[in-house]
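Biologist: I am new to this structure, and I would like to learn how to read its features one at a time. Could we look at it together?

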Amino acid sequence: MSTTLEARTGAQIMCEALIRQGVEVMFGIPGGAIMPFYHAMPEYADRLRHVLCRHEQGAGHAAEGYARASGRVGVCIGTSGPGATNLVTPIADAWMDSTPLVAITGQVHSALIGTDAFQETDITGITVPITKHNYLVRHVADLPRVFAEAFHLASTGRPGPVLVDVTKDAQQATAVPEWDVTLDLPGYRDDRERAVDHDAVREAVRLLQRARRPLILAGNGVIQSGAHAELRTLAERTGIPVITTLHGLGAFPQDHPLSLGMPGMHGWVHVNRAIQECDVLFNIGSRFDDRVTGKVSAFAPRAAVIHLDVDPSEIGKNVRTAVALVGDARRVLRVLLDELPACAPPPSAWLARIRAMQEVHEPRQAYRRRPDTPVLMPHDVYAALNAALAARGSYRVVTDVGQHQMWAAQLLDWRRPRTHITSGGSGTMGFAVPAALGAAIACPDETIWVVVGDGGFQMTNQELATIQQEGITNVKIALINNGYLGMVRQWQELFEGRRYSGTPLSGPSFTRLAEAYGVRGIAVDTVDAVPGAIAEAWDHPGPVLIDFRVEREANVFPIVPQGKSIGEMLVSADRAEEPPCLTH
Amino acid sequence: MSHTLIVLLHDRPGVLHRAVSLFRRRGYNIESLTVGHSEVPGVSRMTAVVDAKDVEQVIRQLSRIVEVLTVSDVTNVPVVVRETALLKVSVTADAQAALLAVGAELGARAIDVGPSTVVFELTAEPWAVDEFIAAVRPYGIRELMRSGHLAMRCGATADTVGAAAAPYYFQADGMSDPDSVEG
Ligand SMILES: Cc1ncc(C[n+]2csc(CCOP(=O)(O)OP(=O)(O)O)c2C)c(N)n1
Ligand SMILES: [Mg+2]
């Protein structure tokens, strides 16, 4: 590295800025407009690892997976034009799921901007609606400040993606970097630092204490702020049962007596009914997404809602709020716990009622049982995987988008934060394989299981080459191969008279495809072979893909049909559950 | 209903794009949008008239934009609102005197009087601009340009970032919904 007073190129300054931000790894693909940056990288390779991906979308998801597994900022890189537009999908994904991400793109020479130059794309214009902020850097002198601001914005407040587009000449120009920069962000505030509103906290405590049927809804915010211990203390001190959203899975141990499971479109019947019956709903760090609320006007009709969120714009956006708590979940919960007497009586009758609803509904839920058939059901795979995860520990699970994703959310027991990584808000098929490679780099000592459908796998499976080139050994892929774009097929079956338009799906020989990338391929089509295959994969000292050839037309139940209230669920293909009747 | 918002913006490239993009993608209906310099160098000032059911949400979304310094809803406070219009009105020689009289009566200045057209300038409350336009429409309007609303609070209260005010953040007043659904 050059000494402090020596002039260096913008590209070198970019590398040093990243190192100063604590970045250790970045994912990308070079091209003309970003070549100066790549030219500088080898000098810094001992501190700054570059992982060459096979598609910028893969690079972006890998950076997301790294960020979600580690809690640090993920970094991805693309060149101008198509390199930058290929990053748009993961940037949008990170925006929807509040994932801290810095995307660096090359831009054409500043003299060419606006001329429709070769590979010129207005990527800052394109990403305005899907970034927390973005920059076009034309002057080398701006690089230290812009990088400092970009990481600050990506990682503080409500985290999110920030794009930094750097012209080729700004990368090539030389300057003595001025590292002692002040962030010039007068309009930005880190809402985690906002003073806790003690009146609101006391009002929340009062509501929680007076409640007869309280519920806690825990989301991504609990995980992002590291508030899981405080959440557990709150639940245990008050006896209030906890439900976890898709992105909240792992925020509260699922084997805890107060854990109820996931709500929403594919949530459990007893969880959705509990929401419909509760009188106080304490939402900690989730945003009342429509997949959670169903028909929003009929959501939690009896509840006074307490909403704790780091982003004030989430409060009252979808659901009427009685008490607003803005700030970092962990900080606010600590203040709240100070106000909450240690011996509030647990509303045990309420929990008993929910458990009774669970008793009634669970046996009816056919998806839990294996229908009497020799065909391999997806549920057999999840049961065996769940047992292996519990027995072995030290794992992360990265899921893609579709039926297999919902089964994973429902049928695996989530115990620890950051063990469940998926694309939620955006529902981006193709997320899992690259995100897993990022998670594998973040957690080299853990086993990263990928649960992916045959459709989504074929969107980004080229990243197996990245896994191979980087020598990544700890990625194990469970391909839930049903020969369909299954989730769409399920909707066609249930709501469109089985008109399977555009959903039957063929694939290559997945095992041979895997072998071509140096990934061990195992094919499984019987129930008996499942546990052995999972054990073999776990023990194999390299990446593995298991092609689970499952029943083609299995469905995810329960399901709340689009536009219905979460009280109205289909629990099997031909039977709906009536809305609950509150007896007391 | 219509709300008048005064927004102060850190003047950086693309900031107007961010604000307009937000209005568009969140489906907020803009009735009027005016932007220009403020009293502080580097700070732009926007007056936006938006038709929104939930103006609080509009304010919070605007506040998420990194360059947005403050947002105030001045709909229900004493405020002066002005709009400037330039109108080119066609008129025959016979009717010119009558047209000029209409302008004089309604406070518009005739700033370019030609043989077949008159250009008026009127700065007034938006309803008065409407009224003037309606009054001259029978003559034939060739061209019309309205500036959009400019708003400023009455009295000593100012929407300003001031030198000492930094960092200047939007403070949502009454974060808790007063009409609690509890009970
Ligand atoms: C990029 C993208 N394209 C389309 C969709 C719509 N979509 C949602 S689930 C799904 C089917 C996924 O099929 P597969 O990956 O095989 O998983 P399965 O549902 O069969 O488990 C589709 C097409 C999407 N979510 N993302
Ligand atoms: Mg499939």
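Biologist: Is the crossing of H1(A) and H7(A) left-handed or right-handed, and how is such a pair of helices described in general?

Modeller: Two packed helices are described by the angle between their axes and by the distance between those axes. In this predicted model, the crossing of H1(A) with H7(A) is right-handed; the axes of H1 (residues 10–20) and H7 (residues 143–155) of chain A come within 10 Å and cross at roughly 35°.

Biologist: Which residues in H1(A) and H7(A) meet there?

Modeller: From H1(A) come A:Gly10, A:Ile13, A:Met14, A:Ala17 and A:Leu18, and they meet A:Leu143, A:Pro144, A:Phe147 and A:Phe151 of H7(A). Sorted by class, the residues of this contact are eight nonpolar and one polar, with no charged residue.

Biologist: Turning to the ligand, which residues come nearest to ligand 1?

Modeller: There are 17 residues around ligand 1, and those that come nearest are A:His404, A:Asp454, A:Gly455, A:Gly456 and A:Gly486. By class, this shell has seven nonpolar, nine polar and one charged residues.

Biologist: Which polar backbone atoms lie by an oxygen atom of ligand 1, and at what distance?

Modeller: A polar backbone atom of A:Gln403 is 2.8 Å from an oxygen atom of the ligand, one of A:Tyr484 is 3.0 Å from a ligand oxygen, and a backbone N or O atom of A:Met487 lies 2.9 Å from an oxygen of ligand 1. The protein covers 76% of the 580 Å² of accessible area that ligand 1 has on its own.

Biologist: Which helix gives the most to the shell around ligand 1?

Modeller: H19(A) does, with four residues.

Terms used. Residues are numbered from 1 along each chain as its sequence is written. Chains are lettered from A and ligands numbered from 1 in the order in which they are written. This is a predicted model: local features need pLDDT of at least 70, side-chain atom pairs count only at pLDDT 80 or more; totals for chains, interfaces and linings use all residues. Side-chain values use heavy atoms; hydrogens and water are left out. Axes are lines fitted to C-alpha atoms, for helices over the stretch in contact, and angles run from 0 to 180 degrees between N-to-C directions. Helices (H or I, at least four residues) and strands (E, at least two) are DSSP runs, numbered from the N terminus. A crossing is left-handed if the near helix is turned anticlockwise from the far one by less than a right angle, and right-handed if clockwise. Contact means heavy atoms within 4.5 Å. Ala, Val, Leu, Ile, Met, Phe, Trp, Tyr, Cys and Pro count as nonpolar, Asp, Glu, Lys and Arg as charged, and the others, Gly among them, as polar. A residue is near a molecule or strand if one of its heavy atoms lies within 4 Å of it. A polar contact is a pair of N or O atoms within 3.5 Å; within protein, one must be able to donate a hydrogen and the other to accept it, and residues adjacent in sequence count only if both atoms are side-chain atoms. Accessible areas come from the Shrake-Rupley method with a 1.4 Å probe; for residues, only the protein chains shown count as cover.
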